[in-house]
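Please look over the sequence and the structure shown below before reading on. The report that follows takes up a few places in turn, each under its own heading.

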Amino acid sequence: MNSKERLSGLIKDLRGHVSQRKFAKELGVSFASIQSWESGDAMPSIENLSLIASKAGYTLEGLIAYLEDKPVPKGPDLNEIVMEIRRMPPKELAQVSRVVSDRLIAIAEAGR
């Protein structure tokens, strides 16, 4: 199975019973984009791959590894992440907080 076939299958799985139009709207892309990705006629831009990765629960690097049929890199242990956050200076902590807030908002909006 090549990268386009893997991506096509992943998008179909993520979309489930939702129409291509509705799924496109959820991702903020065109209906034609979803059609072309599912049919294997095109590959998404890095920005759109990042959206798909997030929707699928991957990092961008993890999604690319999956599409290339390579081992998906395992992320750091949750305890390591928590310890790193505790050591962060306030400015970096504020950035992490914004990213987490944006992610939670995206998840909430996708669930509507």
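## Q20 in helix α2

In this predicted model, Q20 is found in helix α2, and because its relative accessible area is 19%, below the 20% under which a residue counts as buried, Q20 is classed as buried. Leaving aside residues up to four places away in sequence, Q20 touches R15, F31, I34, Q35 and E38. With E38 there is also a polar contact, made between the side chain of Q20 and the side chain of E38 at 2.9 Å.

## K22 in helix α2

K22 likewise has its place in helix α2, but K22 is partly exposed, with a relative accessible area of 46%.

## The buried side of helix α4

Helix α4 spans residues 46–56, and within it N48, L49, I52 and A53 are buried. These residues lie on the same side of α4, because they cover an arc of only 145 degrees around the axis.

The cover over the buried residues of α4 includes helices α1 (3–15), α2 (20–27), α3 (31–39) and α5 (60–67).

## After helix α4

Following α4 comes G57, and the phi of G57 is positive, near 85 degrees.

Notes:
Residues are numbered from 1 along each chain as its sequence is written. This is a predicted model: local features need pLDDT of at least 70, side-chain atom pairs count only at pLDDT 80 or more; totals for chains, interfaces and linings use all residues. Side-chain values use heavy atoms; hydrogens and water are left out. Buried means under 20% relative accessible area, exposed over 50%, partly exposed in between (1.4 Å probe, protein chains only). Helices (H or I, at least four residues) and strands (E, at least two) are DSSP runs, numbered from the N terminus. The arc is that of the directions from the helix axis to the C-beta atoms. Contact means heavy atoms within 4.5 Å. A polar contact is a pair of N or O atoms within 3.5 Å; within protein, one must be able to donate a hydrogen and the other to accept it, and residues adjacent in sequence count only if both atoms are side-chain atoms.
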